[in-house]
Amino acid sequence: NPHKSANKKLLLKPADSLCFECHDKADFKDKTTHSPVEAGECISCHDPHKSANKKLLLKPTDTLCFDCHDKEDFKGKTTHSPVEAGECVSCHNPHKSANKKLLLKPTDTLCFECHDKADFKDKTTHAPVEAGECISCHSPHKSASKKLLLKPTDSLCFECHDKADFKGKTTHSPVEAGECVSCHNPHKSANNKLLLKPVDSLCFECHDREDMKKVAKHSVDDKK
């Protein structure tokens with residue numbers, strides 16, 4: 001209103017209703033809605049007149065999102081490359097989503113927008129990988145562990161596998177140390193049991209084949 005208004009900036013209506021005079025409110029509602037959108041706080045992210053950024057954003061997304069979200073919560077020893085680059089909207093819809101966490105797609109398809117699904121399939125595939133449950137092992141943002149793992153491998157694997165099943169009077173040293181990935185591929189393998197190599201060659205990555213021949217009466221070269 002050019003003369004007077006009950007609203008700030010002489011607006012005809014409060015901002016939480018004015019924007020939806022042109023923009024369909026239904027386009028901004030779903031199973032999950034971003035809290036400022038839910039509250040009609042459009043101008044907390046958008047300039048109503050002009051902007052140097054796309055979508056009339058107040059700032060580029062690599063800084064805008066962190067006006068509300070603490071950037072330190074997204075930094076770790078290992079940080080996911082799109083997070084590091086501030087590309088939040090490559091995974092999240094800033095307004096609304098049919099998925100949890102405002103994700104653009106369910107995780108069982110979203111991760112494979114960047115990661116080649118073929119790289120995670122073989123003769124044997126780890127059950128959570130097969131189910132697309134990437135975040136059951138990996139953090140999508142940051143981690144204190146390598147490969148964005150939720151925990152170090154010596155404890156992570158035992159979130160699903162019972163540790164008691166791997167303890168006995170005598171325990172293989174890499175098992176004792178929780179070095180599961182020294183023998184197993186956590187995603188997929190051309191070998192049984194997700195082994196990195198066939199048994200007849202894998203064991204000799206650590207054990208000297210010649211030493212075994214000196215004491216063994218049966219052939220260690222037998223591939224059966």
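These legends accompany several close-up views of one predicted model. Residues are numbered from 1 along each chain as its sequence is written, and side-chain values use heavy atoms, with hydrogens and water left out. Because the model is predicted, local features need pLDDT of at least 70 and side-chain atom pairs count only at pLDDT 80 or more, while totals for chains, interfaces and linings use all residues.

**View 1. The salt bridge between K96 and D30.** A search of the whole structure finds 7 salt bridges, a salt bridge being a side-chain nitrogen of Lys or Arg within 4 Å of a carboxyl oxygen of Asp or Glu. In one of them, the side chains of K96 and D30 meet at 3.9 Å, N to O. K96 belongs to strand 3 (residues 96–97) and D30 to the loop between helix 1 (15–18) and strand 1 (32–33), so this pair ties together parts that are 66 residues apart in sequence. Helices (H or I, at least four residues) and strands (E, at least two) are DSSP runs, numbered from the N terminus. K96 is partly exposed, with a relative accessible area of 24%, and D30 is partly exposed at 37%. For these labels, buried means under 20% relative accessible area, exposed over 50%, and partly exposed in between (1.4 Å probe, protein chains only).

**View 2. The salt bridge between D122 and K188.** Here the side chains of D122 and K188 come together with an N to O distance of 3.9 Å. D122 sits in the loop between helix 5 and strand 4, and K188 in strand 6 (residues 188–189), so the pair links parts that are 66 residues apart in sequence. D122 is partly exposed, at 36% relative accessible area, and K188 is partly exposed too, at 23%.

View 3. K59 and D67 form a salt bridge whose closest N and O atoms are 3.1 Å apart. K59 is partly exposed at 33% relative accessibility, and D67 is partly exposed at 48%. T61 is found in helix 3 (residues 61–64) and counts as partly exposed at 26%. Setting aside neighbours within four places in sequence, T61 is in contact with G86 and V89, where contact means heavy atoms within 4.5 Å. From T61 to A15 the C-alpha to C-alpha distance is 22 Å, across 46 residues of sequence.

**View 4. The surroundings of T79.** T79 is part of strand 2 (residues 78–79). Its side chain reaches the backbone nitrogen of G76 at 3.4 Å. Once neighbours within four places in sequence are left aside, the contacts of T79 are F74, E84, H141, K142 and L148.

View 5. What keeps C91 from a bond with the closest cysteine sulfur? The sulfur of C91 is 6.6 Å from that of C114, too far for a bond, and the structure holds 0 disulfides, a disulfide being a pair of cysteine sulfur atoms within 2.5 Å. C91 is partly exposed at 24% relative accessibility, whereas C114 is exposed at 74%. C111 lies in the loop between helix 5 (107–110) and strand 4 (124–125) and is partly exposed at 23%. C111 and K197 are 86 residues apart in sequence and 27 Å apart in space, C-alpha to C-alpha.

Technical notes:
Polar contact = N/O pair within 3.5 Å; in protein donor to acceptor, adjacent residues only side chain to side chain.
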